[in-house]
Amino acid sequence: NHGWIRFESLLKFSSQIDKINTIKKQADHLETSGSKVGQVNKQQRRSYDANFKITVVNKAASTNNCQAAKKFGVRECNVRRWRAEKQCLKDANSQRKSYHGPQSGRFIEVDRRVFEYVREKRSEGMPITRAVIQLKALEIARELNITGFKASLGWCRRMMRRNGLSLRRRMSLAQHLPSDFGEKLLPFQRFVINLRKKHSYPLDQIGNADQTPIYFDMPTSVTVNRKGEKSVRITVMLTCLADGSKLPPYVILKRKTVPKDPIAAGIIVRAQEKGWMESGLVVDLLKVVWGARYRGLRKRRNMLVLDAFRRHLTESVKSQVRAMNADLVIIPGGMTSQLQVLDVVVNKPFKDNLRKKYTEWLLSGNHTLTPTGKIQKPSVRLLCELGLQLTIILIID
């Protein structure tokens, strides 16, 4: 009897173990495959690029969906969906892993009118930037009495993507520091420190000057970035002192003679056939800008810092510097991005704000047209006034 009871208990125990194993298997199956009651699929999700999807679609077209799914280890439902999206996948980037299609956006009318404006102006050859698009969008929104529209940079990017617009820019090479940066930096610092200890310059007698070219793309009938593209180019020489004050800007126009139009006071204008800074103009700059600084006529000992541009190193420039009782300090080549104060602090905001003012002038409509209907280039007086306004703003800042 005792043996029979023990045998029955073992049977009951084994049946309970079988039930536990069955429940565990069912739970594992639900975790891996999911269920119709909305349980989460715990399998690792995989993403595929458009190139892989096209390969699977081509295989399914030659055989069937089931065989293509087995061959590439994907689900058959994915194969069916990819076959329906075949044309969209062909048009997408081969490395793109999702395709949602262009959205219409919240402000459809603004998008449409901005796109028409861009297409019209580009047909006339006018360069269009994202800043122009944002300003025009705000103007259209005001006309349509749309509130809450900010024309942000993100909206601009999405609008361009929705309408098939892209941003083209000229490529430029960034300046790299020389390999012997440390070897050049220490002697330069020692040289400047020794000069300051020796002569004890006041802060208003230590200056830094730097020229920067500014290009204004003008409306033309040719494609942007092609040979023969017309543009307005000026060279601006900015000068600042160690006490924070700034001297009048020195503007070089790309022409043979200085215009006869009256120029606003506080800015100096010169002309050069190619719009470049040459040694004769550097000497003139020293006389009319550096020599006209506060206490400059007394010829107190002073120090002027320039970059290693070859026009700054001519004998005529050195003679003029000596005549003004000045010490000329030349920044080593390749190190202006670290040691040139104007290049690091002033030039970029000056050029950015000047282009912004120029863009606003393009959109204002307050300009004359040529006999062929193109926008006439801005007058020298206007460019000089814009430059003078920005110089005053920089002085206040």
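**Close-up views of a predicted chain**

**View 1. Trp82 counts as buried, at 2% relative accessibility.** Buried means under 20% relative accessible area, exposed over 50%, partly exposed in between (1.4 Å probe, protein chains only). The model is predicted: local features need pLDDT of at least 70, side-chain atom pairs pLDDT 80 or more, while totals for chains, interfaces and linings use all residues. Residues are numbered from 1 along each chain as its sequence is written, and side-chain values use heavy atoms, without hydrogens or water. Phe52 is partly exposed, with a relative accessible area of 24%.

**View 2. Phe52 and Trp82 belong to a ring cluster.** Rings of Phe, Tyr and Trp (its six-membered ring) pair with centres within 6.5 Å; planes under 30 degrees apart are stacked, over 60 edge-to-face, the rest tilted. Phe52 sits in helix H2 (residues 50-62) and Trp82 in helix H4 (residues 76-84), so the pair ties together parts 30 residues apart in sequence. Helices (H or I, at least four residues) and strands (E, at least two) are DSSP runs, numbered from the N terminus. Ring pairs link Tyr48, Phe52, Phe72 and Trp82 into the cluster.

**View 3. Phe149 and Trp155 form an edge-to-face pair.** The ring centres lie 5.1 Å apart, with 90° between the planes. Phe149 is buried, with a relative accessible area of 10%. Trp155 also counts as buried, at 7%.

**View 4. Helix H9 covers residues 181-199.** Leu185, Phe188, Val192 and Leu195 are its buried residues. Seen down the axis of H9, they fall within an arc of 105°, so they line one face of the helix. On the other side, Glu183, Arg190, Lys197 and Lys198 are exposed. Cover for the buried residues of H9 includes strand E5 (302-306), strand E6 (326-330) and helix H12 (336-339). Ser200 follows H9, and its phi is positive, near 50°.

**View 5. Strand E3 (residues 250-254) is mostly covered.** Four of the five residues of E3 are buried. E3 and strand E4 (residues 268-272) run parallel, joined by five bridges; strands pair if DSSP finds at least two. Val251 has Val269 of E4 as its bridge partner.

Definitions and conventions. The expected span of a helix is 1.5 Å times one less than its number of residues. The arc is that of the directions from the helix axis to the C-beta atoms. Contact means heavy atoms within 4.5 Å.
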